[in-house]
Amino acid sequence: MSVRVGIPRGMYFYKFYPFAKRFLMELGAEVVPSPPTNKEILNLGSRFCIDDACLPVKVYHGHAEYLKDKVDYMLIPRLTSIVPREYICPKFGGLPEMVKYSINGLPKLIDVEINMYKSRISLINSLYELGTVFTKNPYKIKKAADKAAREQIIYDNCLLKGELPCKYIDGTDVSKNNSGPLVGIATHPYLLYDSFINMNLLDKLSDRGIKFILPEMLEKKTIEEKCRIFEKRMFWSSSKDLIGSALYMFENNNIDGILMLTSFGCGIDSLSIELIQRLGRKKYNKPFMVMTLDEHTGDANFNTRLEAFFDLIDRRQAN
Amino acid sequence: MKLTYPHMGEAYIAVKAMFDDLGIESIIPPYSTDNTLRMGAKESPEGICLPFKIMLGNYIKSIEAGADTIVITGSCGPCRFGYYGPLQKLILQDMGYDVDMIILDPPKEGIGKFINNLRKLGGKISSKTYKVFMDAYKVCEKIDELNQVQYYVRPRTKDKARVNSIVHDFKSKVLNAKGTKEISGLIDATKNRLLALDIDKDVSPIKIGIIGEIYTIIDPFSNLNAEERLGNMGAEVHRSMTVKDWAENNLIKPLRREIPYELEKRLSKPYLPVLIGGHTQQCLGHAVNYALSGYDGLVQIYPMGCMPEIVSRSILPQIEKDYNIPILYLIVDEQTGEAGYQTRLEAFYDYVEARSRRRQTIIS
């Protein structure tokens, strides 16, 4: 029987799952992702995680706890840096430890470090390290890595064209035959694609006939270019994505409004959103709303605020 | 040009001494108060960490006192501190203050920029600069010593109020002292005054180590004088990070090509094998170090939402178990209430004290 490797559906799952899945499958492992977040998983997360961590970290703990008895290994990579000279967030770097010391009875952890701060080449070493858990044959690992990289490129291109990860990963989709206004949503992937956490935001938008544009639909080049307004280089890739796409959305005249989701206690967002507000909101006269999510967020007030935001966009368009 | 810089515990003493010796005019921001914090927090983003808010308050107060240039260190680590400068500059501009901000990023971010910034400070880089810098470092060492004496004296003397008055006297005098020489003399005098107090040498107080985020443990205003409170209850405290340690590990050791934070990295390795930013490794390393050195309890202090310290916070319970040492976790922000804080410290002190007494009876 093949080895079962669990991948918790949290943090950068929606960014790199196709890569991880293909890589592990090629090495002969069975990949078991945890199911989309639900009430039970969220409750597990807030029970096991320390209380002042941010929502995505709590959700991740919930997924890890949910998966722990169902798999032989659990893949919790240490994503210190995924772009040269840029970090993501300290919590990504300490994630394996956070999970390890908060949850008892975990299966064997695969906590390979991915640190491309100095150069991208170190990824190769990390993949070999990861591969040797399953096979001693370096050629097999290389082949698996090549196939996985191909898969990831296809996936990234799909997202760029406007597909949603859930279609690619789970086969479900949000209908997109809309003719309404176009709203830009600048948010981290772990809040945007987790429909339980964001209370079906994308469905709700679609139901109202609103089109949306997401950070993953923008070229990396565009984002880089927008981030050049800073004197000091931005050293978080997560923040760069956010600021770059938000500024693009402000400047693009086709986009009628900008929506931002953030989780309570997100360190990166506390800075980035302030920068966006000070740089973008004052200059461009566009509807802009920030919504803070945490494990206590209620559906009703979320809807009310969303509706108010839609009304604002509609009124602007009518004038 | 009138320089100013934010407060961080006793750092202002060394920085002022250095600027005095270099002949650069500088303004020490008024000591942080609730009003400072309120002014800073009003203009800061809601979710940012406490040091940002206090520093912004310091700037505003300094600008009102006539400063026109702010100098701070920067970093490009994953901690938010690295982007304090650019955002604070933007906020001050939006508030209508016309100030220049010099952010001293580490030289590896671009040596040209670094030297340019030093030039902007008005200093010519000569052998004298190095000497002045080393003198300022010596002031840091002296401040550390003064603190150690304070930690030693506080639990052992009956007249705690006298300790406070000596320290306050020092704080008001140091503002008027000029240059490293005069300040060093003042520190020595204060130390002797403290040691001249009536000390009961037979007392063996419990020992509590303070770990956590560097700003909130160094700056007594941000942690509501945790050291003083614990000391007055009767505990001998020790703070894991000081301005001198910071300077030693970030400035002196790289110059001498030594490895910074060697001990901390080694001790924290079993718990966190890599650097993830902030002072996580140092926090964990010091926790282990204190436990091995026979400390009775630890207090971790960090600002609400601090990214690196949240990681340490989730690992520390394991150290608590492994080394059988109680840890109190204190999170501070502008909403922290004094009464609740004091109660928690007292409860922790009572617990640790009873625990160590019990252990001693078992041993004897």
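1. Ground rules. Residues count from 1 along each chain as its sequence is written, with chains lettered from A and ligands numbered from 1 in the order in which they are written. The model is predicted, so to speak of local features takes pLDDT of at least 70 and side-chain atom pairs count only at pLDDT 80 or more, while totals for chains, interfaces and linings use all residues.

2. Where the chains meet. Helices here are DSSP runs of H or I, at least four residues, and strands are runs of E, at least two, numbered from the N terminus.

3. What that side is made of. For the classes, Ala, Val, Leu, Ile, Met, Phe, Trp, Tyr, Cys and Pro are nonpolar, Asp, Glu, Lys and Arg charged, and the others, Gly among them, polar.

4. Domains of chain B. There are three: domain 1 (3-125), domain 2 (127-202) and domain 3 (205-364), with bounds from an automatic or database assignment. The C-alpha centres of domains 1 and 2 of chain B sit 25 Å apart. Between these two, 11 residues of domain 1 touch 14 of domain 2, and the domain 1 side has seven nonpolar, one polar and three charged residues.

5. A sheet in chain B. Four strands make an open, parallel sheet ordered β2-β1-β3-β4 (strands pair if DSSP finds at least two bridges between them). β2 (26-27) and β4 (100-104) of chain B are at the edges with a single partner strand each, so one side of each lacks a neighbour in the sheet. Five bridges link β3 (69-73) and β4 of chain B; B:Ile72 has B:Ile103 as its bridge partner.

6. A sheet in chain A. This open sheet is also of four strands, β8-β7-β9-β10, with parallel pairing. Its edges are β8 (211-213) and β10 (288-293) of chain A. Six bridges join β9 (257-263) to β10 in chain A, and A:Leu259 is bridged to A:Met289.

7. One helix to look at. α14 (299-318) of chain A has 20 residues and spans 28 Å from first C-alpha to last, close to the 28 Å expected (1.5 Å times one less than the number of residues).

Methods. Two residues are in contact if their C-beta atoms, placed from the backbone, lie within 7 Å.
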